[in-house]
Amino acid sequence: MSGVLDIQLFASVFVTLFVIMDPPGTVPIFLALTGSMTRQQRTRAARQAILVAFGVIVGFALFGQSLLNYLHVSVEALQGAGGLLLLLVAMELLTGKMDSNEGYEGTQGNVALVPLGTPLLAGPGAIVATMVFVQQSTEPSDWAALALGVVLVHLCLWLSMRFAGVIHRVLKDSGTMLVSRIAGLLLAAIAVQLLADAVLTFARQV
């Protein structure tokens, strides 16, 4: 089995991406972003978000470093941009702009793509971690371990969002509104941390 799959690398990929992408932690944010949707719309949004996140991760795994080099963009700049986008989403959650259907009819797919698919799921941390693992992979067993780890983490993400509707039925609308405010606060903290890390890295380079 070790000749076909590098177990140690697989464990590293799965644990690292699981911690960064945080399937359990996506549940309150997913509920906040999709609270005005029907069950069918929420299921479709979960599927679209996972497909987008998976596509972004795979895309950066294959072409990420070349793309950043071509654009003369550093990983820290990518991290800072992701932090700014998350901060904007957090402000909308905190101010209640996502609590109603107004302005969102027919745009559920957009919410699933951005900010849910990226940068919430496939964010700078997950992208950078995947790119590092790609640089470490030289054998077919390494690539198999990397691919399996990425797929399983996205499966966990899909399961957490697929059954978020059960939590929504338990919390009702008032509970979902409370969760959205808490999620907005946590998301703002994550965004500020991303920005702070990017600024500190830039400062150390200077």
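His 72 sits in the loop between α3 and α4, where helices are DSSP runs of H or I with at least four residues, numbered from the N terminus. The model is a predicted one, in which local features need pLDDT of at least 70, side-chain atom pairs count only at pLDDT 80 or more, and totals for chains, interfaces and linings use all residues. Residues are numbered from 1 along each chain as its sequence is written, and side-chain values use heavy atoms, with hydrogens and water left out.

Although His 72 is not a glycine, its phi is positive, at about 55°. His 72 is exposed, with a relative accessible area of 74%; here exposed means over 50%, buried under 20%, and partly exposed in between (1.4 Å probe, protein chains only). Asp 22, in the loop between α1 (7-21) and α2 (23-33), likewise has a positive phi, of about 50°, without being a glycine. Asp 22 is partly exposed, with a relative accessible area of 34%.

Next comes the packing of two helices. Helix α3 (residues 39-71) and helix α6 (residues 124-136) pack at about 75°, with axes 9 Å apart; the axes are lines fitted to C-alpha atoms over the stretch in contact, and angles run from 0 to 180 degrees between N-to-C directions. The two helices, α3 and α6, are therefore roughly perpendicular to each other, a label for angles of 65 to 115 degrees. Among the residues of α3 that meet α6 are Phe 60 and Leu 68, contact meaning heavy atoms within 4.5 Å.

Helix α5 (residues 108-121) holds Pro 115, and the peptide bond from Val 114 to Pro 115 is cis, with omega near 15°.

Terms used: Angles under 35 degrees count as roughly parallel, over 145 as roughly antiparallel, 65 to 115 as roughly perpendicular and the rest as oblique.
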